[in-house]
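Could you walk me through this model in my viewer, one selection at a time? I would like to know what to pick next and what I will find there.

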Amino acid sequence: MNDKLPKLPSPFLALILILILVILLFFTITLFGSSALSGGSQVVLLTATAICSVLAMTCCGISWQRIEESISNNIKGVAPALIILLLIGALSGSWMVSGVVPTLIYYGMQILHPNFFLVFCCVICSIISVMTGSSWTTIATIGVAMIGIGEA
């Protein structure tokens, strides 16, 4: 890898790339509607990434190896958060299947008075977040039960 810094893209080139992404996403959402999240938008994001990579190599002189290194470094940086999200998803799914969340909803409706519901939500979620050390866990577990109680 050379130690020479690559040429930075011009603001105009960066704006063009952002506009390409916005236009592609607009047409995908217009064409597929709410089902764009089933794969259409991911294809657009990958296409925009490919366009950006090609332009970075041609216009700015960045090597493909450097782009690969940046991609792998970014993935390494978010890997712990992704693992936490996967574990939280498994936890909340198992709580739903085993009946923990419906039980929380049932007893929450019996115990929590409607006039103080929001205060209780704030206090309970704060306590759970401090105890577990994760706001994501609180949202995926107690938060789901609180939404169910609030809707009821």
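Please keep in mind along the way that the model is predicted.

**Stop 1: H1 against H2**

Begin by selecting helix H1, residues 11-32, together with H2. Their axes approach within 9 Å and cross at roughly 160°. An angle over 145 degrees counts as roughly antiparallel, so that is how H1 and H2 are described. The crossing of H1 past H2 is right-handed. Now show side chains: on H1, the contact is made by Leu13, Leu17, Ile20, Leu21, Leu24, Leu25 and Thr28. Facing them from H2 are Gly40, Ser41, Val44, Leu45, Thr47, Ala48, Ile51, Cys52, Leu55 and Cys59. Colour this H1–H2 contact by class and you will get 13 nonpolar, four polar and no charged residues.

**Stop 2: isoleucine 20**

Stay on H1 and pick isoleucine 20, which lies in that helix.

**Stop 3: serine 53**

Move over to helix H2, residues 40-59, and select serine 53. Serine 53 has a relative accessibility of 12% and therefore counts as buried. What does serine 53 touch, leaving aside residues up to four places away in sequence? Display Trp64 and Ile67, and you have the answer.

**Stop 4: H3 beside H6**

Now select helix H3, residues 64-98, along with H6. Here the axes come within 9 Å and cross at roughly 15°, which makes H3 roughly parallel to H6. This crossing, too, is right-handed. From H3, the contact takes in Leu85, Ile88, Leu91, Ser92, Trp95 and Met96; from H6, look for Trp136, Thr137, Ala140, Thr141 and Val144. By class, the H3–H6 contact has eight nonpolar, three polar and no charged residues.

**Stop 5: the largest nonpolar core**

For the last stop, select Leu112, Phe117, Cys121, Ile142, Met146 and Ile149: these six residues form the largest nonpolar core. Helix H5 (117-132) and helix H6 (135-151) are the elements that each supply two or more residues to this core. Which element gives the most? That is H6, with three residues.

Methods. Residues are numbered from 1 along each chain as its sequence is written. This is a predicted model: local features need pLDDT of at least 70, side-chain atom pairs count only at pLDDT 80 or more; totals for chains, interfaces and linings use all residues. Side-chain values use heavy atoms; hydrogens and water are left out. Helices (H or I, at least four residues) and strands (E, at least two) are DSSP runs, numbered from the N terminus. Buried means under 20% relative accessible area, exposed over 50%, partly exposed in between (1.4 Å probe, protein chains only). Contact means heavy atoms within 4.5 Å. A nonpolar core is a set of buried Ala, Val, Leu, Ile, Met, Phe, Trp, Tyr and Cys residues joined through side-chain atoms within 4.5 Å. Axes are lines fitted to C-alpha atoms, for helices over the stretch in contact, and angles run from 0 to 180 degrees between N-to-C directions. Angles under 35 degrees count as roughly parallel, over 145 as roughly antiparallel, 65 to 115 as roughly perpendicular and the rest as oblique. A crossing is left-handed if the near helix is turned anticlockwise from the far one by less than a right angle, and right-handed if clockwise. Ala, Val, Leu, Ile, Met, Phe, Trp, Tyr, Cys and Pro count as nonpolar, Asp, Glu, Lys and Arg as charged, and the others, Gly among them, as polar.
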